[in-house]
Amino acid sequence: MTDNITTIGEKISNAVLDNIYQRRSVRNFSDKEVSDEIIKEIIRAGTYAPTAVNKQPWRFVVIKNKQLVEEYDDRAKKAFLAAYKDTEIPEMVRFVQFLSNRQLEYSMERLFSF
């Protein structure tokens with residue numbers, strides 16, 4: 001199990017750790033279509049994630065139609081806002097106000113600085 005772990009001085013090097021530490025979130029996407037082969041491989045990799053009691057409750061939906069994605073995005077925001085419109089939890093109040101902004105542009109900086 002430790003065959004793929006090497007030490008360099010006091011540092012541990014491992015491909016999994018390297019990928020975790022170098023992971024980045026991407027919020028700007030190109031219009032280039034992703035092949036079904038790549039999508040299937042990503043989903044396959046996702047099924048290797050551990051689950052409680054090995055229940056494996058996965059359900060994957062791939063939507064390639066950008067207009068449909070935007071429609072579901074709008075519906076999800078409306079449902080969330082309706083569910084939490086009367087909340088008194090300070091963090092949720094700020095988040096609801098943030099999501100209520102119709103000109104919302106996704107950005108991690110804005111998401112965590114509301």
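The model is predicted, so local features need pLDDT of at least 70 and side-chain atom pairs count only at pLDDT 80 or more, while totals for chains, interfaces and linings use all residues. Residues are numbered from 1 along each chain as its sequence is written, and side-chain values use heavy atoms, with hydrogens and water left out.

View 1. The protein chain holds five helices and two strands, which follow the order β-β-α-α-α-α-α from the N terminus on; helices (H or I, at least four residues) and strands (E, at least two) are DSSP runs, numbered from the N terminus. Of the 114 residues, 9% are buried, where buried means under 20% relative accessible area, exposed means over 50%, and partly exposed lies in between (1.4 Å probe, protein chains only).

**View 2. The salt bridge between Asp36 and Lys64.** Asp36 and Lys64 form a salt bridge whose closest N and O atoms are 2.5 Å apart; the term stands for a side-chain nitrogen of Lys or Arg within 4 Å of a carboxyl oxygen of Asp or Glu. This pair links distant parts of the chain, since Asp36 lies in helix 2 and Lys64 lies in the loop between helix 2 and helix 3, 28 residues apart. Glu33 joins Asp36 and Lys64 in a network of salt bridges.

**View 3. Val34 and its contacts.** Val34 is found in the loop between helix 1 (15-22) and helix 2 (36-46). Leaving aside neighbours within four places in sequence, Val34 is in contact (heavy atoms within 4.5 Å) with Ile39 and Lys64. The C-alpha atoms of Val34 and Lys64 are separated by 8.9 Å, although these residues are 30 apart along the chain.

View 4. The 19 residues of helix 3 should span 27 Å at 1.5 Å a residue, which agrees with the 27 Å between its end C-alpha atoms; the expected span is 1.5 Å times one less than the number of residues. Glu71 forms a salt bridge with Arg75, with the closest N and O atoms 2.8 Å apart, and Asp73 forms one with Lys77, with the closest N and O atoms 3.2 Å apart. Because Asp73 and Lys77 are four residues apart in helix 3, about one helical turn separates them. Asp73 counts as partly exposed at 26% relative accessibility, whereas Lys77 counts as buried at 15%.
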